[in-house]
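Subject: Structure handover

Hello,

Here is the structure I promised to pass on. Please open it and keep it beside this email while you read.

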Amino acid sequence: RSILSLLEAEDRLDMDMIRNVASKSSEGIYIITSPAEIMPIEQIDVDQVLRIVALARAQFDVVLLDLPSTWTSWSLSVAAESRSIVLVTEQSLAHLRQARRVLDLFGEVGMKSDKVKIVVNRASKGRFRNISLQDVADTLGGEVIAAIREDGGDLAKAIDEGKLVTQITRRSNFVRDIDDLAQKLGDSMEIAQS
């Protein structure tokens with residue numbers, strides 16, 4: 001069971017099917033996985049994806065989508081319908097160029113820049129970093145809401161064991177940074193709903 005089951009359901013798609021495809025973790029998080037096989041993402045039906053998202057929103061308190069890095073009509077449609085977008089980048093010229101291109105694309109299709117939150121992954125906060133977090137903010141024209149530092153191998157271990165990183169350790173910089181990001185996103189969602 002994966003998102004592919006929902007995409008192929010067509011008119012049979014309903015709340016029960018969403019619940020049946022979603023796997024529940026011991027922490028109460030429901031996950032709808034990506035398909036095991038590679039599929040052409042440009043052939044996905046925009047309307048079906050939007051129906052899936054609408055049903056998921058009706059079923060769950062918060063819906064997070066991990067979109068592909070290649071933008072298609074359906075992924076842009078989903079992003080346009082989102083309350084907020086987390087744009088993940090790194091502190092390198094190549095990543096910043098790509099992030100800038102994505103932000104320009106969002107502007108071209110009429111998405112408001114204030115709904116885009118910038119997160120720096122594999123961040124380095126040291127003085128000797130060539131590109132600082134402030135450089136990232138200046139280049140992309142927005143606030144960096146979080147910087148996720150490199151983990152010490154705990155993430156790979158958690159993935160291998162099918163666990164959340166917090167089940168492996170609570171004491172890493174990576175876990176603290178993810179907690180900080182979750183708090184900031186939660187706060188911004190509460191403000192948006194008020």
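This is a predicted model: local features need pLDDT of at least 70, side-chain atom pairs count only at pLDDT 80 or more; totals for chains, interfaces and linings use all residues.

Residues are numbered from 1 along each chain as its sequence is written, and side-chain values use heavy atoms, with hydrogens and water left out.

**The sheet**

Helices (H or I, at least four residues) and strands (E, at least two) are DSSP runs, numbered from the N terminus. Two strands pair if DSSP finds at least two bridges between them.

In what order do the 3 strands of the open sheet run? The order is S3-S4-S5, and the pairing is parallel. Strands S3 (85–89) and S5 (144–149) are the edges, each pairing on one side only. From one strand to the next, the twist averages 25 degrees. Strand S4 covers residues 116–123 and pairs with S5 over 5 bridges, in the parallel sense. Look for Asn-121: opposite it stands Ile-148 in S5.

**The helices**

Axes are lines fitted to C-alpha atoms, for helices over the stretch in contact; angles run from 0 to 180 degrees between N-to-C directions. Contact means heavy atoms within 4.5 Å.

Helix H5 (residues 93–108) lies across S3 and S4. H5 runs at about 155 degrees to S3.

Two packed helices are described by the angle between their axes and the distance between the axes. H5 packs with helix H6 (residues 133–140) at an angle of about 35 degrees, and their axes are 10 Å apart. Which residues make the contact? H5 gives Leu-96, Ala-99, Arg-100 and Leu-103; H6 gives Val-136, Thr-139 and Leu-140. By type, 5 are nonpolar, 1 is polar and 1 is charged. Here Ala, Val, Leu, Ile, Met, Phe, Trp, Tyr, Cys and Pro count as nonpolar, Asp, Glu, Lys and Arg as charged, and the others, Gly among them, as polar.

**The aromatic pairs**

Rings of Phe, Tyr and Trp (its six-membered ring) pair if their centres lie within 6.5 Å; planes under 30 degrees apart count as stacked, over 60 as edge-to-face and the rest as tilted. Buried means under 20% relative accessible area, exposed over 50%, partly exposed in between (1.4 Å probe, protein chains only).

How many aromatic pairs does a search of the whole structure find? It finds 2. The rings of Tyr-30 and Phe-60 have centres 5.0 Å apart and planes at 35 degrees, so this pair is tilted. Tyr-30 is in strand S2 (residues 30–31), and Phe-60 is in the loop between helix H3 (46–59) and helix H4 (73–81), 30 residues apart. Phe-60 is buried at 17%, whereas Tyr-30 is partly exposed at 38%.

Trp-71 and Phe-106 form an edge-to-face pair, 5.2 Å centre to centre with 85 degrees between the planes. This pair links the loop between H3 and H4 to helix H5, across 35 residues. Trp-71 is partly exposed at 24%. Phe-106 is buried at 3%.

**Two positive phi angles**

Most residues other than glycine have a negative phi. Glu-10 has a positive phi of about 50 degrees. Glu-10 sits in the loop between helix H1 (3–8) and helix H2 (15–21), and is exposed at 54%. Arg-122 also has a positive phi, near 50 degrees. Arg-122 lies in strand S4 and is partly exposed at 46%.

Best wishes
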